[in-house]
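Dear colleague,

Please find below the structure that I am handing over to you.

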Amino acid sequence: MSRTLRGVLCLSFACAAMFGLAACGGDDDDGGGSNDGGGAASEVGGKTGGKITTAYTSFPDYLDPALSYTQEGWQSLWTVYTPLLTYKHAAGAEGATVVPGLAEDMPDISADGKTYKLKLRSGLKYSDGSAVKASDFEHSIKRVLNLESGGASFYSGIVGAEKYIEDGKARADIPGIVADDATRDITINLVKPDGRFPYILTMVFASLVPGDTPFENLTKNPPPGVGPYKFENVRINRGYNLVKVPDFNVADQQVGKLDTIEIQVIKNRRRQTQDTIQNKIDYMNDPPAPDQLRDVRAQYTDKRYQEFVTNSTYYYFLNHRIAPFNKPEVREAVNYAVDKRSLARLFGGLLEPGCNFLPPGMKGYQKVDPCPWGDPTAAPNVAKAKALIEEAGVAGDSVTVFGNDEPESKSLAEYLSDVLNDIGLKAKPRIVEGSVYFTTIGNQKTRAQAGFSNWFQDFPHPGNFFFLVDGKSIQDTNNQNYGNVDVPALNAILEEADQNADIDAVADDYARADKLLVEGGHVVPYGHRKLTVFYSERMNFEDCTVWHPVYNLDFTNLCVK
Amino acid sequence: MSIADSSVQPDLSPVLSAGGQAADASAPGLSPWELAVRRLKRNKAALIFGALFFVLVALALAAPLWAQVADTTPARNHLSDTIVVDGKPEQVVTFDGVPISPTWGKKFFLGADSNGRDVAVRLLYGARNSLFIGITAALITTFIAVALGMLAGYFRGWTDAFISRGLDIAWAFPPTLLGVALGVSFALGGLKVGPLEISGDSLWIPTLIIGAIGVVYLARPIRGQVLSLREKEFVEAARAQGASPLRIMFGELLPNVASTILVFFPLLVANAILTEAALSFLGAGVQPPAPSWGTMLSDGVVLLSTAPHLTIVPGLMLVLTVLSLNVFGDGVRDALDPRAKVRLERP
């Protein structure tokens, strides 16, 4: 479903910047949450006005809400476009809660879970002053589907969406979306119930754009949106500006503090770090270069430099269909042998060792404690692993461990290969070029036995992680269940939980699924990625840092001293 | 690597008749090869660097011995290990991913890399791989280039046109890009040509690629020399005696281009080692976990300021090896090239 996310994110900048949550976000959301009388809201303190410069390592994939599928893109697009449903501009669990965006209220969901009714707020205007219409929603979804966006699969569950894609006629109707401009009512009919659909409506893809927006990539000249900022001065591969929309005023929606946020593309992370230290740029989006990290950590112990755990999971897949990992004892042996402390070192400390498959900030997360394979922060049980390999009678069996040519993935594949050799198998790593890595291991003909994998959330719903290990998602090509995990008990839990739109009601089910997956040793999860913020001295990093669980650093809350 | 001055022939009479050094002139019984060896012996720099190269080869051969001393293997991770250095415990790799610097002791003599592997052990095993690829690729290049150059130069006509145009096409490709393209494509699927099957992680993949890339640089000068030699009287005489083309090529012409090959060979080895390092640095050469100086440089470059030993050590080895081969190669050229001799004799 989200194959493109994995591909685009992991290639765009070495899996180093994704969607995530600040479990360790400290007191990020300590602001006053001042809400000016039902009008636009400002979540934390700090003065307004001013201009800052931020550095990105690469230009976002697109600046078009129908197409963008990277963290850099979404981070900016979220400030320019607002979907019918969205998230609060807050850190932690509060920021992961779905709230009305351009819709007046949360959707009215039918008893069978297949019909969603929403009503557009009245008096909404795009940044160019034109009025927002209910039918713009259907047009926005049509753009996602017609432009073959990476997000198209999220909306293919709408009645008639598949046929709309097949026919390829941009102006054709999607019968599953009924919008009435006069009453501002929007009705969405799904082919089958999907508990994740409210979250899918929060995605940037579903942001409203005017009904006459062309069916083409508009990155050079992004369409107007409804949001606290608008794009200006877009220079492809060089940068762009986010400029505050002065008259943006949507009830309960966050306004921006800064007047202008200039995004510059500076490919060299060392230079970014130096420029930030010297206050030439005000914020760098990626972590400092590995050889600068130690110094930055040591020198900036205040909130000028901070680390946050993201909603991500790094794990090794073990192919259940191919020897020797078709034997449970062998999979258990690998779980016993992997040293999660060592793996954290490969990330320069930017990995939170863990035992769970679900990340700590995700609904349904319940720490598997004690971890059946040993404390993630303690030494592994290699002797036990060796004994299990002997017991399984697979000592000396050949294994190829897959990884890609990104530095961390390569090191991780080499590490696992060494561990497997240590416990009695005969392993060697195979490094595949990054752009084709996931399609290569996702092709059953490759017969990938074991290897590196990771996942960063599309939206804060556990179902967005569990499809990676759901037996139903196994495919011959483009498979994302790389280990071909097909556990009937797990499948049954997911089948039921995925249909329920009430995430709180099924959180325990997902926790049960997580425990089942971990205790069965079906995959080898070892941690959750941390990302960083690093500011110049000009920034008010004490009061204005909000690490959002989906969009990372919230630009609308940034402010200068 | 220019061949403009490589019209080297074993027939050194013109040089000698032009007034060679007294030592040469006073030894009329010496063969051209003996004269060349004598000249080489006089070139101290070439001998010193030649000896350095053999020391490097000896070190590479001793890699397993050092691995035993260090109690590890080139692929063994020690990420969470702690060792005692100067009586103090030190982490092999710190929590923030910075590897230990050279300890100058048995373990981690030259420090560790970011995977906690012993750099000294990897360096020596990397030397084995780099030297194997360099020497073998140079042999492959020489074999193919000599065969093509001889065929093109001797038969001329369509044969020459076909081979020369093929070389022109190969010449048109940037060698590193061609190497990367071939290396990446073969790394995953391996190489299958008829019964020949080589796995993607085999050292033979970069060896064959580098060997093939180098052909164009040697085949052209060989061809040029053969074109000239085939008109000489000794070839005509052989032809008049009914010698077959094959016999003329390998019995008469090959010995006459041998000095060119000898001059080129060390330079080809040096070039192949550099190309291997470049391809490995770009991920298209030696495949992990096998070490090579190129992959070591690639692994170390991200920690340039906190762990400079990761780049300095393999970089230094690369420089020393290539320098030793180049200086030694120059010495061989000076010894075999009569014009170089004339140059030396100028007041």
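In this predicted model, 25 residues of chain B are in contact with 27 residues of chain A; two residues are in contact if their C-beta atoms, placed from the backbone, lie within 7 Å. The side of chain B that touches chain A has 12 nonpolar, 10 polar and 3 charged residues. Here Ala, Val, Leu, Ile, Met, Phe, Trp, Tyr, Cys and Pro count as nonpolar, Asp, Glu, Lys and Arg as charged, and the others, Gly among them, as polar.

Local features need pLDDT of at least 70 and side-chain atom pairs count only at pLDDT 80 or more, while totals for chains, interfaces and linings use all residues. Residues are numbered from 1 along each chain as its sequence is written, and chains are lettered from A and ligands numbered from 1 in the order in which they are written.

Chain B contains 14 helices and 4 strands. Both are DSSP runs, numbered from the N terminus: helices are H or I with at least four residues, and strands are E with at least two. Of its 347 residues, 46% are buried, a word that requires 20 or more other C-beta atoms within 10 Å of the residue's own.

The largest nonpolar core has 88 residues, and Leu84(A), Phe137(A), Ile141(A) and Tyr155(A) touch the most other members. Such a core is a set of buried Ala, Val, Leu, Ile, Met, Phe, Trp, Tyr and Cys residues joined through C-beta atoms within 7 Å. Apart from this core lies another, of 86 residues, including Phe186(B) and Leu253(B).

In chain A, strand β17 (residues 398-404) has 6 of its 7 residues buried, so it is largely enclosed by the rest of the structure. Strand β17(A) runs parallel to β18(A) (residues 426-432), joined by 7 bridges; strands pair if DSSP finds at least two bridges between them. Within this pair, Val399(A) has Ala427(A) as its bridge partner. On its other pairing, β17(A) meets β19(A) (residues 450-456) in the parallel sense over 2 bridges, with Val401(A) opposite Ala450(A).

Chain A also has an open antiparallel sheet of 4 strands in the order β6-β7-β9-β8. Strands β6 (108-109) and β8 (177-180) stand at its edges with a single partner each, so one side of each is left without a neighbour in the sheet. Strand β6(A) is joined to β7(A) (residues 115-119) by 2 bridges, and Ile109(A) has Tyr116(A) as its bridge partner.

Yours sincerely

Definitions and conventions:
Buried ≥ 20, exposed ≤ 12 C-beta atoms within 10 Å, placed from the backbone.
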